[in-house]
Amino acid sequence: MSAVSPNQAPDLAWLLKGLAEEVPVIRGSVLLSSDGMMKAAHGMDRTSSEHLAALASGLFSMARSAGTKFDGTNEVRQVVAELKSSQLYITWAGFNSVLAVLARGDADPAVVGFEMARLIRAVR
C-alpha cells in the first residue's frame, strides 16, 4: 500500500517500496520536506502517512533545536523513538528532505539505519 501525494514522482514511492522489501520489519515509510509536507509514502494509508510526516517533522525540528542549544549546531543525524511495539527512525535525507521509517519492535536498529543511509546515498 502506498500513499501518493498529488505531486509525488513515481520513482520516490518505488524507492520506499524497495526499502520495505529489503527490510521486511519496516511497517511504513515517509519521505517528507523538512516543513512536514509528504513527498512520498509506502506501507500506510494516506491519513496515517500524513500523520507520520507531521510527527517526524516536529520531532526532527525539536532535535535541531536541541542541537543548536546544546551542541552548537543544528545538524541532526538521526532521531529514534522506541515505542511499545514499534520503532520510529527519522533522518536527514538531503536538501530540505527527511526520511521517516516506522518498523516493528523487533527490528534491528543497525540494519534499519544502514538501509536508510544506503537509500539516501543512492538518491543524492
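**Strands 3 and 4.** I began with a pair of strands: strand 3 and strand 4 run antiparallel and are joined by 5 bridges. Two strands count as paired if DSSP finds at least two bridges between them. Helices (H or I, at least four residues) and strands (E, at least two) are DSSP runs, numbered from the N terminus. I noted that 3 residues lie between strand 3 and strand 4 in their hairpin. V80 stands opposite Y89 in strand 4.

**What I am looking at.** This is a predicted model, where local features need pLDDT of at least 70, side-chain atom pairs count only at pLDDT 80 or more, and totals for chains, interfaces and linings use all residues. Residues are numbered from 1 along each chain as its sequence is written, and side-chain values use heavy atoms, with hydrogens and water left out.

The open sheet has 5 strands in the order 2-1-5-4-3, with antiparallel pairing. Its edge strands are strand 2 (38-42) and strand 3 (78-82), and each pairs on one side only. Strand 1 (residues 26-33) pairs with strand 5 (residues 97-104) over 7 bridges, in the antiparallel sense. I picked G28 and found its bridge partner in strand 5, L102.

**The helices.** I then checked what lies on the sheet. Helix 2 (residues 46-70) lies across strand 1, strand 2, strand 3, strand 4 and strand 5, at about 60° to strand 4. Helix 3 packs on the sheet too, touching strand 3, strand 4 and strand 5, and its direction makes about 30° with that of strand 4. Contact means heavy atoms within 4.5 Å. Axes are lines fitted to C-alpha atoms, for helices over the stretch in contact, and angles run from 0 to 180 degrees between N-to-C directions.

**Aromatic rings.** I searched the whole structure and found 1 aromatic pair. The ring centres of F60 and W92 are 5.9 Å apart and the planes are at 15°, so the pair is stacked. Rings of Phe, Tyr and Trp (its six-membered ring) pair if their centres lie within 6.5 Å; planes under 30 degrees apart count as stacked, over 60 as edge-to-face and the rest as tilted. F60 is in helix 2 and W92 in strand 4, 32 residues apart.

**A pocket.** Last, I looked up the second largest pocket. Its lining includes W92, G113 and R124. A pocket is an open set of points on a 1 Å grid over the protein atoms alone where a 1.4 Å probe fits, with protein on both sides within 12 Å along at least five of seven lines; lining residues have an atom within 4 Å of a point. Helix 3 gives the most to this lining, with 5 residues.
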